[in-house]
Amino acid sequence: MAAATLARFSGRKIILVESEAIGTVGVGEATIPQIRLFNAALGINEGTFLRETKGTFKLAIEFDGWSGEGESYLHAFGSVGHPSGVLPFQHYWLRAHATGEAEPLSAYCLNDVAARAGKMQFFQAQPGQPAPDVPWAYHFDAGLYAALLRSYAEERGVERIEGAIASVKRDTESGDIAALVLEDGSQIEGGLFLDCTGFRSLLLGEVLGVGFEDWSHWLPCDTAVAVPCAPGGDFAPYTRSIARKAGWQWRIPLQHRIGNGHVFCSEFMSADEATDILLGNLDGSPQADPRVLQFTTGMRERQWERNCLALGLAGGFMEPLESTSIHLIQSSIARLLQMLPGAEVAPAVREEFNRQARFEWERIRDFLILHYAANGREGEPFWDRCRAIDVPDTLTAKIETFRASGNIHREHEELFTDQGWLQVMVGQGIVPEAYNPIADQMPAAELSAMLARIVTRNKQTAASMAEHADFLRALIDHSQRKTA
Ligand SMILES: Cc1cc2nc3c(=O)[nH]c(=O)nc-3n(C[C@H](O)[C@H](O)[C@H](O)COP(=O)(O)OP(=O)(O)OC[C@H]3O[C@@H](n4cnc5c(N)ncnc54)[C@H](O)[C@@H]3O)c2cc1C
């Protein structure tokens with residue numbers, strides 16, 4: 001991603017070093033809508049992208065069993081209801097909810113209704129009528145996406161060198177990284193180094209000694225077992241996250257297979273038990289041996305140190321509960337482009353980069369903790385422990401404010417919208433005791449009519465949309481005909 005983007009925009013010579021012998025982590029298949037901005041910036045056609053990466057559409061994430069066994073809710077992209085006057089929608093919903101006159105929150109979100117119905121469609125605004133709001137992301141095969149971007153990058157002049165980095169040379173005066181030394185003895189000099197070496201964090205962590213801030217006391221899962229299986233079951237336009245005894249299972253439908261994994265806490269479950277649970281809950285036959293991956297949740301204390309900036313797992317890791325890792329890479333790349341240094345890296349620029357990155361990571365961290373801290377699985381040791389976690393003050397403030405007033409304050413440019421926070425808080429069982437009294441100003445009949453209108457419109461719009469599989473096939477066929 002970085003090589004492709006820098007080749008497209010920076011005008012610099014870009015060298016990409018990677019080692020097939022070491023390989024990649026080989027997981028990471030679910031995304032959030034921001035990836036469309038990234039692909040659009042590179043000029044990658046959507047049909048081509050979905051064809052090449054065997055991708056599917058994603059409208060939401062389902063959280064199954066998180067608020068209690070048998071309970072399920074979606075965190076759907078897109079809006080929930082619409083604001084009225086000065087107030088966000090949830091205050092009107094809370095007023096009707098308090099008297100039992102509201103439908104579940106999900107009925108007011110078109111993405112939710114469409115996802116549950118297995119539908120997908122692009123919309124265009126009609127004269128005098130805005131287009132229905134259905135934002136989407138993708139599930140895709142990350143290895144195929146990497147291959148697509150590799151060709152893109154090489155076509156634009158990136159020099160790719162196959163080989164393992166054996167050591168790193170530093171400038172004796174400045175301490176900056178001066179060159180990479182490969183196992184065959186060749187040296188690669190550079191001005192700015194992007195450390196994309198995965199969990200090892202070879203340049204930023206090992207060579208420059210930037211410490212790792214461990215967040216596992218807040219997010220205690222530390223292991224994942226992953227296995228692809230043959231397609232089967234629903235071809236759903238959403239990711240599933242199913243709570244299990246000591247963690248959760250993901251299900252990501254692609255065109256040719258389903259990506260599955262089980263994220264769990266090793267203190268409460270062995271890898272063998274986690275693997276058995278995963279293999280016992282697949283929609284089709286496994287297509288490979290299960291792979292166990294260990295991780296520590298947290299981030300490097302600084303993402304950019306001296307002339308080296310970490311991207312991806314080299315900069316830290318948060319479990320894929322809200323599909324945020326690929327986004328974090330893309331957002332760091334976007335930030336780098338905005339702050340691209342000349343020959344010298346100004347400390348103030350680097351500090352601003354680090355400040356923005358930390359803010360983004362920490363707000364995502366809080367959002368993930370929310371799912372665990374507000375779980376409803378009482379009587380299960382792992383989940384009981386999670387409910388007892390002393391969450392960061394920033395998250396406590398958000399939950400308490402919502403509980404007391406129905407308000408959600410989205411901080412600056414934090415990734416998740418107030419609508420996302422709303423769906424997860426309500427989905428996890430946090431329902432406010434109060435709402436803004438301005439909502440009482442609306443006559444009762446007007447409120448009922450407004451709520452009913454949204455529900456009816458969502459149902460009708462979703463019913464008019466294409467089946468996910470048909471829509472996908474038509475788009476891919478169209479892109480194939482255009483390429484031919
Ligand atoms: C269990 C799990 C599930 C995930 N699910 C999702 C998801 O659904 N959505 C999402 O957005 N993200 C997800 N992620 C994160 C996602 O997989 C990563 O962010 C993404 O794949 C990028 O990885 P990376 O490039 O940082 O590291 P890697 O894939 O590990 O790549 C490291 C690269 O560095 C090279 N390298 C390492 N050492 C050397 C060396 N000495 N010399 C030369 N080259 C070297 C390797 O060859 C490789 O090319 C998941 C991660 C895990 C662990």
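These legends walk through several close-up views of the predicted model shown above.

Local features here need pLDDT of at least 70 and side-chain atom pairs count only at pLDDT 80 or more, while totals for chains, interfaces and linings use all residues. Residues are numbered from 1 along each chain as its sequence is written, and side-chain values use heavy atoms, with hydrogens and water left out.

**View 1. The shell of residues around the ligand.**

View 2. A polar backbone atom of Val27 is 2.8 Å from an oxygen atom of the ligand. For Leu313, a backbone N or O atom also sits 2.8 Å from a ligand oxygen, and for Gly23 the distance is 3.4 Å. The protein covers 91% of the 1,000 Å² of accessible area that the ligand has on its own (Shrake-Rupley method, 1.4 Å probe).

**View 3. Helix H15 and its buried face.** H15 (residues 468-483) has 16 residues and spans 23 Å from first C-alpha to last, close to the 22 Å expected at 1.5 Å a residue (1.5 Å times one less than the number of residues). Which residues of H15 are buried? They are His468, Phe471, Leu472, Leu475, Ile476 and Ser479, where buried means under 20% relative accessible area (1.4 Å probe, protein chains only). Seen down the axis of H15, these buried residues fall within an arc of 125°, so they line one face of the helix; the arc is that of the directions from the helix axis to the C-beta atoms.

**View 4. Lys398 and its partner Glu414.** Look for Lys398 in helix H12 (residues 393-405). Lys398 counts as buried because its relative accessibility is 9%. Its side chain and that of Glu414 are joined by a polar contact of 2.6 Å (a pair of N or O atoms within 3.5 Å; within protein, one must be able to donate a hydrogen and the other to accept it, and residues adjacent in sequence count only if both atoms are side-chain atoms).

**View 5. Asn111 reaching a backbone oxygen.** Asn111 belongs to helix H5 (residues 110-116). With 0% relative accessibility, Asn111 is buried. The Asn111 side chain reaches the backbone oxygen of Leu59 at 3.0 Å.

Note on methods:
Helix = DSSP H or I, 4+ residues; strand = E, 2+ residues; numbered from the N terminus. Buried < 20%, exposed > 50% of the residue type's maximum accessible area, 1.4 Å probe, protein only.
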